[in-house]
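My notes follow in the order in which I looked.

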Amino acid sequence: MSRRATSSRLQLAALLLLGAGGMAALVAACGSSTRSLSSLSPDELNQGVTAFATVQKVLQHPRCQNCHIPGDAPLQFDDGQPHAQGILRGPDGKGPPGLPCSSCHGTENPPESYGPHAPPGAPGWALPPPEHKMVTLGVSGAELCAMLKDPRENGGKDFDALIEHVSQDKLVLWGWSPGGNRAPVPVPHAEFVEQFKLWASLGGPCPPPSPPPDVPAPNAVGAPAATPPATN
Ligand code: HEC
Ligand code: HEC
């Protein structure tokens, strides 16, 4: 038996030994005892859907959705123009072998002296892989919500993994210090994470399929709400 199999069995045994009380404590320590959707009161359902509205506002901000696209060319700027130089997703999201994202984008933003149009950077700068594009651009709240919590579409993440991703991933954090004169995500990061956790703790309730017409477009950044940005 391989060492890895042994150690994962030991971990499993340790978890079983913790017993129900231990597990509850462990789950509480991770901050995510997830409710089942069917157990929610109407008030809680409302609370969860309201929390999701904040999550949606962030995910559909240009700093985030410029990479979470249905097409294969990343977008730029607040109005989502196709990336200059005809850049493409490539077989794994990291660009075609001849011109990977990393040939221009580093692991951090370049110094300000490089000017406002230097390529921004963060570790792992890439598009999601073609098998799961994690599209946030141009989808409804209901579609976004369903994608976000579906492990087949979100890269195999459960709520805990999603919370870790939105709390700590450097590519996500980049949205709050994007460099150049790019506008950062306007919702404070701490508030985003708090609302994300609240949504997850309530089991991830989703808004109804077609939102009432008076709900403002989620990606309105002080701009007129109606027109969604062009998909490439
Ligand atoms: C040939 C160099 C080059 C390559 C290769 C490249 N980029 Fe860029 N990218 C840039 C430059 C330069 C900018 C900044 C443009 C500006 O602000 O005027 C940029 C900006 C961006 C932005 C804009 C951020 C925003 O919110 O406005 C995204 C997203 C992006 N690149 C994604 C990618 C991805 C993903 C890849 C690989 C699939 C990639 N780029 C490959 C040079 C490159
Ligand atoms: C440069 C491109 C890029 C930018 C900008 C970007 N992401 Fe992502 N995002 C990715 C990639 C690549 C993955 C896949 C990561 C993995 O699975 O390893 C991903 C995965 C995710 C996921 C996990 C799964 C899912 O279904 O969505 C979330 C959540 C997410 N990003 C949120 C954000 C948020 C919030 C922002 C803005 C603050 C953001 N991203 C900005 C490239 C980007």
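How far apart are the end C-alpha atoms of helix 7 (residues 189-201), and what span should its 13 residues have? I found the ends 18 Å apart, which agrees with the 18 Å that 13 residues should span at 1.5 Å a residue, the expected span being 1.5 Å times one less than the number of residues. Helices here are DSSP runs of H or I with at least four residues, numbered from the N terminus.

I noted that this is a predicted model, in which local features need pLDDT of at least 70 and side-chain atom pairs count only at pLDDT 80 or more, while totals for chains, interfaces and linings use all residues. Residues are numbered from 1 along each chain as its sequence is written, and chains are lettered from A and ligands numbered from 1 in the order in which they are written.

Next I looked up burial, and found F192, Q195, F196, W199 and A200 of helix 7 buried (20 or more other C-beta atoms within 10 Å of the residue's own). They cover an arc of only 135 degrees around the axis, which puts them on the same side of helix 7. On the other side, A190 and E191 are exposed (12 or fewer such atoms). Helix 2 (42-59) and helix 5 (159-168) are among what covers the buried residues. After helix 7 I noted G203, with a positive phi near 85 degrees.

I then turned to helix 2 and helix 4 (residues 141-148), whose axes come within 11 Å and cross at roughly 90 degrees. The two helices are therefore roughly perpendicular (65 to 115 degrees) to each other. F52, Q56 and L59 of helix 2 and G141, L144 and C145 of helix 4 make the contact (C-beta atoms within 7 Å).

Key: Arc of directions from axis to C-beta. Contact = placed C-beta atoms within 7 Å. Axes fitted to C-alpha atoms, helices over the stretch in contact; angles between N-to-C directions. Parallel < 35°, antiparallel > 145°, perpendicular 65-115°, else oblique.
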